[in-house]
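Here's a quick, friendly walk through a few spots in this model. Have a look around first, then read on.

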Amino acid sequence: MTEEINWRTQELSLDEVLQKYPDVPRIWALKVDVQRRGVVYTQAAKDMINPAIHQVNTGTIALFRTTQDYTPESLIMRDGSYLITNFDLNKNKAFREPYVVDAIDGHIYIMDQGKVLEEVWYWEKPEFYDKTASNGEPFNKYIQARPQRIDINLNQYCHFWDKPGEGCKYCPMTPCFKMRHQTEEREETKYIAEAVREALKQEGRFSAILVTGGSILSGEHLFDDELDAYIDLLQAILGDFQVERVPSQLISSAFDERQLERLYRETKLMTYTTDIEVLNKEKFEWICPGKAHHVGYEEWKRRLFAAVDVFGRGNVTSGVVLGTELASPNGFASEDEAYRHVIEEAEDIISHGIPLAANVWRTAPGAIFQNQKNPSLEYFIKTYREFDRLAHHYGVNPYTDDYRRCGAHPGMDLLRI
Ligand code: SF4
């Protein structure tokens with residue numbers, strides 16, 4: 001049961017949005033809408049999971065989940081792009097019905113109101129998921145996988161939450177950490193490195209490594225301990241490669257010039273990301289109070305621009321949780337107003353050679369914004385379309401953060417067209 005039974009009459013449907021923006025691919029617009037509304041799996045769809053072949057949620061570390069259902073990790077579409085669905089849905093407070101994944105005659109489809117929309121496939125499990133580290137623990141306790149990428153979440157707790165009220169309001173990571181009664185913030189580097197070595201034995205599977213984690217504020221200077229932890233890990237997993245730079249991405253706090261220089265000099269990291277999250281100073285200060293208090297919006301941006309001087313144009317990206325700028329009560333009053341402000345800021349950032357990796361904001365259980373309503377499909381399509389125009393205009397195209405390797409920010413998919 002949805003909170004708003006008439007929601008379909010209050011916003012443009014997928015078909016109506018496509019009529020209004022005929023230049024965007026239908027399969028891509030559906031992907032954006034699935035990210036926005038979420039999916040549920042029928043029993044027939046769950047019966048199509050073969051745990052010997054497919055990657056399932058059960059048994060893996062799920063940073064952004066409070067529950068573990070027996071469902072596929074995520075989906076792959078017929079254009080080869082990914083549909084990330086491994087997040088919790090706030091089913092009791094959903095404002096719109098999620099899409100349905102169902103199985104018909106041995107094929108799996110995304111459906112809405114009983115209508116077949118797209119055939120999809122489940123992600124195949126990498127070989128290391130069935131193996132164990134030298135301490136007997138399963139490797140996928142230490143690292144996880146997307147179809148072409150190894151994922152490492154180093155710190156599973158974010159210290160912006162140390163002070164009540166300073167965590168990012170849309171983020172479920174630390175609330176989920178607490179709800180799981182987890183006590184250890186991170187796994188040992190030794191076992192993570194063992195897992196990466198094992199994963200890379202599978203020929204042709206992985207083309208990049210992602211390292212990320214919650215912020216660590218401590219150290220002689222802000223984020224110094226976080227930097228040390230990442231350098232230690234990156235040296236352990238990338239050090240053996242006989243190349244100058246390994247296809248890899250770090251998503252971390254906004255390091256200053258001295259920290260960025262160290263990161264570049266002391267590791268073989270190829271690309272760097274620090275997330276501005278909200279494309280407006282005033283809304284950022286309300287939504288990400290910890291980041292605003294310890295660093296500030298303008299300084300976060302300045303450090304982002306400084307990173308381009310260190311890592312090079314196209315090797316720096318910034319994440320955005322698109323749509324949070326419309327959260328209530330302090331968000332923009334209308335989608336038109338939000339669009340104008342967001343595009344102005346986006347152009348400033350993209351013009352510095354930094355593509356925006358913008359996720360579709362969905363309301364995650366555990367997050368402070370868990371009971372909010374995210375924007376219309378038209379808002380996301382219109383905004384992504386303009387981000388893409390700006391990225392083409394300024395000639396920015398990320399390598400390790402594109403549709404093949406990440407897949408979590410649909411706007412990036414348009415860059416291949
Ligand atoms: S910095 Fe914000 S978005 Fe990132 S982990 Fe911490 S609370 Fe979540």
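At roughly what angle do the axes of helix 3 and helix 13 cross? Keep in mind that this is a predicted model. Helix 3 covers residues 26-37 and helix 13 covers residues 377-394; their axes come within 10 Å and cross at roughly 130 degrees. That angle is why helix 3 counts as oblique to helix 13. As for handedness, helix 3 goes past helix 13 in a right-handed crossing.

Here's who takes part in that contact, helix by helix:

| Helix | Residues in the contact |
|---|---|
| Helix 3 | Ala29, Val32, Asp33 and Arg36 |
| Helix 13 | Leu377, Phe380, Ile381 and Tyr384 |

Sort the residues of this contact by type and you get six nonpolar, two charged and no polar ones.

Now for the loop that sits between strand 13 (356-360) and helix 13, where you'll find Gln372. Is Gln372 buried or exposed? Gln372 has 21 C-beta neighbours inside 10 Å, so it counts as buried. Setting aside the neighbours within four places in sequence, Gln372 is in contact with Ala327, Ser328 and Thr363. Ala94 is 278 residues away from Gln372 along the chain, yet their C-alpha atoms are separated by 9.1 Å.

Last stop: the ligand. Which residues surround the ligand? You'll see Cys158, Phe160, Gly167, Cys168, Cys171, Met173, Gly214, Ser215 and Cys288 around it. By type, the shell around the ligand splits into six nonpolar and three polar residues, with no charged ones.

Key
Residues are numbered from 1 along each chain as its sequence is written. This is a predicted model: local features need pLDDT of at least 70, side-chain atom pairs count only at pLDDT 80 or more; totals for chains, interfaces and linings use all residues. Axes are lines fitted to C-alpha atoms, for helices over the stretch in contact, and angles run from 0 to 180 degrees between N-to-C directions. Helices (H or I, at least four residues) and strands (E, at least two) are DSSP runs, numbered from the N terminus. Angles under 35 degrees count as roughly parallel, over 145 as roughly antiparallel, 65 to 115 as roughly perpendicular and the rest as oblique. A crossing is left-handed if the near helix is turned anticlockwise from the far one by less than a right angle, and right-handed if clockwise. Two residues are in contact if their C-beta atoms, placed from the backbone, lie within 7 Å. Ala, Val, Leu, Ile, Met, Phe, Trp, Tyr, Cys and Pro count as nonpolar, Asp, Glu, Lys and Arg as charged, and the others, Gly among them, as polar. A residue is buried if 20 or more other C-beta atoms lie within 10 Å of its own, exposed if 12 or fewer, and partly exposed in between; C-beta atoms are placed from the backbone. A residue is near a molecule or strand if its C-beta atom, placed from the backbone, lies within 6 Å of it.
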